[in-house]
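Here is a friendly walk through one model, written to be read beside the viewer. Please keep the structure open as you go.

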Amino acid sequence: MSRKPATRTRPAKAAAAVAPAAGVTVRHYCQGIGDCHLLTFRKADGKPFRVLIDCGIHVSIAGGPALVADIVADLRQETGGKIDILVVTHEHWDHVSGFLTAKDLFKDFAIGDVWMAWTENPADAEAAELDKFKGQAIAALQGVGQKLDAMQGLSSYMAGVRDGLQSVLGFQFGAAGERVRSARDAAAKLSQKPTPTYFEPGGPPVTIDALPNLRVYVLGPPRDKAALRLEEKASEMFPLASGGPFARALVSGLKMNEAADAGYVDELSPFERNVGTPLSTALTGDKGSDPAIDIGAYVRKHYAGPVSAAAAMEDRDQSWRRIDADWMGIAADLALQLDRGVNNTSLVLAFEFIDSGHVLLFPGDAQIGNWLSWKDLTWPVGQGTVTSADLLARTVYLKVAHHGSQNATPEKQGFDLLTSSDLSAFIPTNKVDAVKVHWGEMPYDGILTALEAKTKGRVIRADDPWLADKDGKPAFAAPSGSIQAVRSAPRDAARGPGGLWVEVDLA
């Protein structure tokens, strides 16, 4: 299905004589590993026009649902419960969980329209194909995760795979096992329209009659399947095919190892299922069916280890030979496909002020494939065209993608094109929480260094220490660049240290 235009509401004629207020106020909520951003524009009559982008927190964050409830309560107080447009960038728990865990708070909101990417449209054939892959991949990864959780003596590599799976599955499931699809659908139902409005790149920019000084450009997600792949280099890309070979291989392996499924036939096995002794049984000491061979002792001596101190030194511990969990190692590749593939389905929006030409860029969690797909985009505007490179060059405010991860913003097709001397940025990240869930460098030092240089230090992070102080101030002075003023509010002490939100007025 192609992109549909945004809802247009024509303002009253009497208001047309009032000049629209310039700029926008952006309130970023500071849950760290999660996104929630409130944009407040001014209509010609001076009344606010609210755009809310996402509302969620990663499942690994302690007290996450309570913190999100505080955020939604603050949203209600700030907006009176009226949101003109709700943007849901993509289907990850840290972007949509609030619509489910705080649904009792959201139910009284009046939300005019919900914007989503074409990838979330149930009537779209390509979106349905992607959903099929996601469903099979999630099922396979969940099965592998449960199996690895129950295994003892994992190698360091497989322990890393287990930890990585827990992290990826945290984007798909809540603490109570809720699926991310439930949260996304709960967001869709908040719209006062029968269905959400779905967008894809191409066609003229979106205009909103209530905001005549604003144009909205849709940069992603792409339709090109290659752009939804895992990595930038073609040799490292894996297609998000229907089901996917890794998902099928893992599902088959899990079925073969599931004792409850006695009827499963492994067509690749050289022996019938009843021949031999299952490894799990031998590891518990079972001697096997052949009285001439103690299969349990053989496995312990030559495979499982350690054996008794009386054994020869070279036989004492042969556990380094164990590979019984290694067949599940491909789950790491499948997890990368799923995680970064879904991130590349992010709805990417650029908000342009017509009078100044200034642009605000909100890329969701877009990773390399999504970014690279923009380079040839053009939009007809008046008698001319606008290019993606032009939009990036005029970007004065960036919501940094995917918490500042290494794969979230390319250098040549990203940072090198952000050339405005007024550029400022916000990173929704918490480094301590990222380390706890084994995400390594998030935010990535290379991206932080590039941002600091590009913005002349006008970078705000959700974990900045000054946000915990009601009188805290950033290291840079305001006004500076695109930022005219900065305000913040600390969290309730019961939710722990840190800021609840930081708000910037942008020129």
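Is the crossing of helix 5 and helix 6 left-handed or right-handed? The crossing of helix 5 and helix 6 is left-handed, a term used when the near helix is turned anticlockwise from the far one by less than a right angle, with clockwise counting as right-handed. Before going further, note that this is a predicted model, where local features need pLDDT of at least 70, side-chain atom pairs count only at pLDDT 80 or more, and totals for chains, interfaces and linings use all residues. Residues are numbered from 1 along each chain as its sequence is written, and side-chain values use heavy atoms, leaving out hydrogens and water.

**The helix pair**

Helix 5 spans residues 125-150 and helix 6 spans residues 156-169; their axes come within 10 Å and cross at roughly 135 degrees. Helices here are DSSP runs (H or I, at least four residues) and strands are E runs of at least two, numbered from the N terminus. The axes are lines fitted to C-alpha atoms over the stretch in contact, with angles from 0 to 180 degrees between N-to-C directions. Helix 5 and helix 6 are therefore oblique to each other; under 35 degrees would count as roughly parallel, over 145 as roughly antiparallel, 65 to 115 as roughly perpendicular, and the rest is oblique. The contact (heavy atoms within 4.5 Å) includes Ile138, Leu141 and Leu148 of helix 5 and Met158, Val161 and Leu165 of helix 6.

**Aromatic pairs**

The structure holds eight aromatic pairs. Rings of Phe, Tyr and Trp (its six-membered ring) pair if their centres lie within 6.5 Å; planes under 30 degrees apart are stacked, over 60 edge-to-face, and the rest tilted.

| Pair | Centre to centre | Angle between planes | Type |
|---|---|---|---|
| Phe41 and Phe351 | 6.0 Å | 40 degrees | tilted |
| Phe41 and Phe353 | 6.2 Å | 50 degrees | tilted |

Phe41 lies in strand 2 and Phe353 in strand 9, so their pair ties together parts that are 312 residues apart in sequence. Phe41 is buried, at 2% relative accessible area, and Phe353 is buried at 5%; buried means under 20%, exposed over 50%, and partly exposed in between (1.4 Å probe, protein chains only). Ring pairs link Phe41, Phe351, Phe353 and Phe362 into a cluster.

**Around Val87**

Val87 belongs to strand 4 (residues 82-87) and is buried, at 1% relative accessibility. Leaving aside residues up to four places away in sequence, Val87 touches several residues, among them Ile53, Trp115 and Leu349. Val87 and Val348 are 261 residues apart in sequence, yet 10.0 Å apart in space, C-alpha to C-alpha.
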